[in-house]
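Hi everyone, thanks for having me. Please bring up the sequence and the model, and we'll walk through a few spots together.

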Amino acid sequence: MPSPFLSSEEYDERAHQLYNEGNYDEALTLLREGLGLYPNAVELHVGVGYARLARDEFAWARRSFEEALILDPEHEDALAGLGEVLLKLGQAEAGLKSFRRILELGYSDDIELMLQVGRALFREGYMEDAKDFFEIAVQQTPENAEAVAMVGYAQHRLADEAGAAETLRKALQLDPEHSEARIYLGNLLYDQGEYEAALYHLDRTKPEDHWDELGIWRLLELKKSHLRLRDDDPSLKIWEERLAELQPAPDALDEMLSEIEQRAAEQEQEAARSQLELFGALLNEMSEQKGAPVRHRVVGRDGRPYEGSWEEIVRGMRDATPGQAQRTLEDFMQAEARRGFALTGILIPTRDAESFLRASADAGLLRIER
């Protein structure tokens, strides 16, 4: 039963604590109880909105934020929550308008709010806008390592790798213990082929700093290749244990479903490969009949077009990438495949130029027009 001894502020405070602990259901129950006593409490409506948002109940979250804004049209947290929900619902312009309203109301000095909005935009892929909000936070507090690091993450996603590396180094100068920025920088340097620099940064992290396997796999690889450590070196044990923690053994049902999915995927790939080979053979035959080689057209993620054979296109991409012109095509494809895996989690083959380009297109890293 509702407790008449709690004020609306106390309901909000207790629900906020439950929310921070990840107990969204309990937080929502408490907030509903509070709204039964205090139906006009703006903070309680906002709290319900964020609890609904955390449970991916976007339509209900939107309703709660809008109810809060009816009571207080200038409530910055409600505007931020509504903006995020609208992004989730695919209403980008309306969401951006809600975020801009926060700036119009003069909340640019609220660093946590700027970072919250920036992260929401970052998660939904609006990198330019996310970077703008992160930079506003940096302008307000240039010494805030977290804000500086977020600018670096956005720069990387916008393909400004040199700028991202410089910004992340600046964040680490402000806070050498910022493990997330150090891991990100280590992976970025690895993708650029700067393996010693990548080892320097990844080796200064702790196993518990890592929440995905990529950085650990790379650190183990670099320790073995550059420090000449054996597979059974005792210093590697803590990293292997962390890998095991991040890769819990699947149960029997998961394994069965995985095998079924893998079998189906292999059959689909084989069918698709047969079709591609047949189509490719027809194109080659037609081309030979006409006496001209087959020319393809690929558009990179920066919008730059490349034409020619598959090998010529990869060579053009390599030559257009700063610092890569002296590398072999194989080394370039391997570096790009590692970068693609870091961005998308998709493994890209490098056995030949055509496989590399087609898989990169499937991962959304480029577009094949013909």
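Let's start with a question: is Arg-297 buried, partly exposed or exposed? Keep in mind that this is a predicted model. The answer is that Arg-297 is partly exposed, because its relative accessibility is 23%, and a residue must be under 20% to count as buried.

Now look at the partner of Arg-297. Its side chain forms a salt bridge with Glu-369, and the closest N and O atoms are 2.5 Å apart. Arg-297 sits in strand E1, residues 296-300, while Glu-369 is in the segment after strand E3, so this pair ties together parts that are 72 residues apart in sequence. Glu-369 is partly exposed too, at 41% relative accessible area.

Staying in this area, Glu-307 and Arg-370 also meet through their side chains in a salt bridge, at 3.4 Å from N to O. Here again distant parts of the chain are linked: Glu-307 belongs to strand E2, residues 305-308, and Arg-370 to the segment after E3, 63 residues away.

For another kind of pair, let's go to helix H4, residues 58-71. Glu-67 and Arg-63 form a salt bridge there, 3.3 Å from N to O. These two are four residues apart in the helix, so about one helical turn separates them. Both ends are partly exposed, with Glu-67 at 28% and Arg-63 at 45%. In total, the chain has 25 salt bridges.

Next, the start of the chain. Glu-9, Glu-10, Glu-13 and Glu-43 form a negative surface patch. Which helix gives the most to this patch? That's helix H1, residues 8-20, with three residues. Glu-13 is in helix H1, and it counts as exposed because its relative accessible area is 58%.

Among the residues it touches are Leu-6, Tyr-11 and Leu-44. Tyr-38 and Tyr-11 are 27 residues apart along the chain, and their C-alpha atoms are separated by 9.8 Å.

Finally, let's zoom out. The chain has 18 helices and three strands, and 41% of its 370 residues are buried. Its accessible surface is about 20,800 Å², with 50% of that belonging to carbon and sulfur atoms.

Conventions. Residues are numbered from 1 along each chain as its sequence is written. This is a predicted model: local features need pLDDT of at least 70, side-chain atom pairs count only at pLDDT 80 or more; totals for chains, interfaces and linings use all residues. Side-chain values use heavy atoms; hydrogens and water are left out. Patches are made of residues with over 30% relative accessible area and no salt bridge: like charges are joined within 9 Å, nonpolar side chains (Val, Leu, Ile, Met, Phe, Trp, Tyr) within 5 Å. Accessible areas come from the Shrake-Rupley method with a 1.4 Å probe; for residues, only the protein chains shown count as cover. A salt bridge is a side-chain nitrogen of Lys or Arg within 4 Å of a carboxyl oxygen of Asp or Glu. Lys and Arg count as positive and Asp and Glu as negative; His and the chain ends are not counted. The place of a charge is taken as NZ of Lys, CZ of Arg, CG of Asp or CD of Glu. Buried means under 20% relative accessible area, exposed over 50%, partly exposed in between (1.4 Å probe, protein chains only). Contact means heavy atoms within 4.5 Å. Lists of a residue's contacts leave out its neighbours within four places in sequence.
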